[in-house]
Amino acid sequence: MIARLNNIVKGPALSGLLCVLLLASCASTQRVERPAKLEDQSAESAYDLAAVSNKLNEAEKWANDGKRALAALIYDAAIETLPESKLRERIYVRAMKAAMLGRQGEGRDEEQARSQMQHARLDAMDSGALNLLFDRRFKADLNIAEATIECGAGQFESAESLFKQAQELLSETGAHAHLVEAQIGLAYEFEIAGQADRAERLASEAMQRARRLDDDTMLPVAAAAAGLLRDAEREQVLIDGYEAAYRSNDLWWRNVMIALAVQLHFDCGNWDDCVRWGDRMRDRDVGGLPESEDTGLYPEDGFLLLARYARARRLAGAEKGRTLAAYEDALEAWAKLDESEMSRLAGWEQKLRSGLLQLRGD
């Protein structure tokens with residue numbers, strides 16, 4: 001349009017007309033105010049759990065394997081390890097134990113969970129001089145633990161109410177990163193319970209808050225919940241998480257984002273998008289794929305990333321030479337799995353070997 005106007009209007013008249021056009025375009029475009037950055041102060045209200053961190057990690061491992069009774073014993077050992085002077089930490093660990101026992105899944109024990117939660121609240125009320133009930137971070141974390149138990153019991157409105165109070169308290173105390181992690185945790189609990197809308201709302205709020213933190217390490221954490229979001233928001237969340245991991249030179253989170261994106265697109269049959277994300281694994285100089293162990297992922301996850309990428313390339317009709325190499329790389333990763341992993345993923349090996357034979361026969 002500007003080229004055509006130049007044939008009609010010369011000199012100063014053209015400049016004036018362009019100014020009018022620019023002003024008109026500015027007037028028709030609404031300015032979007034970006035939300036203010038948040039300064040995270042989570043560390044200022046955090047708990048001193050360094051002495052028992054290994055025990056807590058071990059407890060979570062057993063709990064995730066469905067062995068919650070064993071996990072509960074390890075939590076008890078952690079509480080006993082903490083000195084009496086660390087009453088805040090001792091009560092918090094008891095609340096963690098209660099949430100672990102009350103969340104959904106194999107080995108759930110609602111009676112014990114509620115008993116432990118009541119014990120934690122009574123200890124907080126009896127603390128007296130410590131004024132724990134005036135500690136906003138502490139009160140919020142008790143609510144989060146109880147919200148987890150309520151979600152596990154199917155009391156979703158009660159869970160939301162408790163968590164809403166926790167969100168307000170954590171916002172007031174500036175523990176924004178901690179709040180992001182809590183939102184993601186409860187979002188997964190809602191998802192497991194079949195409450196997809198509640199899960200999506202919390203996951204979306206977590207990502208919005210993470211974007212406002214000047215901390216690239218938090219964006220991938222929030223983006224890891226992208227699978228809880230609808231397609232319209234999911235892709236941008238994955239991109240934001242990937243770019244943040246790239247900026248912070250965090251290879252593990254970068255590959256987590258790639259693996260998650262490949263899985264989500266593969267499950268939806270979006271082969272081209274699957275290939276596009278998988279290509280981000282490649283070495284920028286020589287174009288080769290990494291060894292599965294070099295991705296930083298667990299062996300099973302590293303194998304599935306390579307296997308999905310290889311099959312997606314074939315289904316998308318991508319260039320044959322690289323597709324053949326991708327199949328071979330995936331099968332090499334398969335050979336490095338242990339027997340239990342091979343047993344679980346036997347169907348994948350068959351598909352890869354069949355696909356490789358067909359590719360070589362083309």
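User: What does the accessible surface of the protein come to, and what share belongs to carbon and sulfur atoms?
Analyst: In this predicted model, the accessible surface comes to about 19,300 Å², with 50% of that area belonging to carbon and sulfur atoms. Areas come from the Shrake-Rupley method with a 1.4 Å probe, and for residues only the protein chains shown count as cover.

User: What limits apply to the model, and how are residues numbered?
Analyst: The model is predicted: local features need pLDDT of at least 70, side-chain atom pairs count only at pLDDT 80 or more, and totals for chains, interfaces and linings use all residues. Residues are numbered from 1 along each chain as its sequence is written, and side-chain values use heavy atoms, with hydrogens and water left out.

User: How many helices and strands are there?
Analyst: The protein has 18 helices and zero strands. Both are DSSP runs numbered from the N terminus: helices are H or I with at least four residues, strands are E with at least two.

User: What percentage of the residues is buried?
Analyst: Of the 362 residues, 45% count as buried. Buried means under 20% relative accessible area, exposed means over 50%, and partly exposed lies in between (1.4 Å probe, protein chains only).

User: Is Gln167 buried or exposed? And which residues does it contact?
Analyst: Gln167, in helix H8 (residues 156-173), is buried, with a relative accessible area of 18%. Leaving aside neighbours within four places in sequence, Gln167 is in contact (heavy atoms within 4.5 Å) with Leu179, Gln183, Leu202 and Glu205.

User: Salt bridges next. How many does the structure hold?
Analyst: The structure holds 28 salt bridges, each defined as a side-chain nitrogen of Lys or Arg within 4 Å of a carboxyl oxygen of Asp or Glu.

User: What does the one between Asp76 and Lys97 look like?
Analyst: The side chains of Asp76 and Lys97 meet at 2.6 Å, N to O. Asp76 lies in helix H4 (residues 68-81) and Lys97 in helix H5 (residues 87-102), so the pair ties together parts that are 21 residues apart in sequence. Asp76 is partly exposed at 27% relative accessibility, whereas Lys97 is buried at 5%.

User: Where does the pair of Arg230 and Asp197 sit?
Analyst: Arg230 and Asp197 form a salt bridge with their closest N and O atoms 3.0 Å apart. This pair links distant parts of the chain, 33 residues apart: Arg230 is in the loop between helix H11 (218-223) and helix H12 (231-247), and Asp197 is in helix H10 (residues 196-212).
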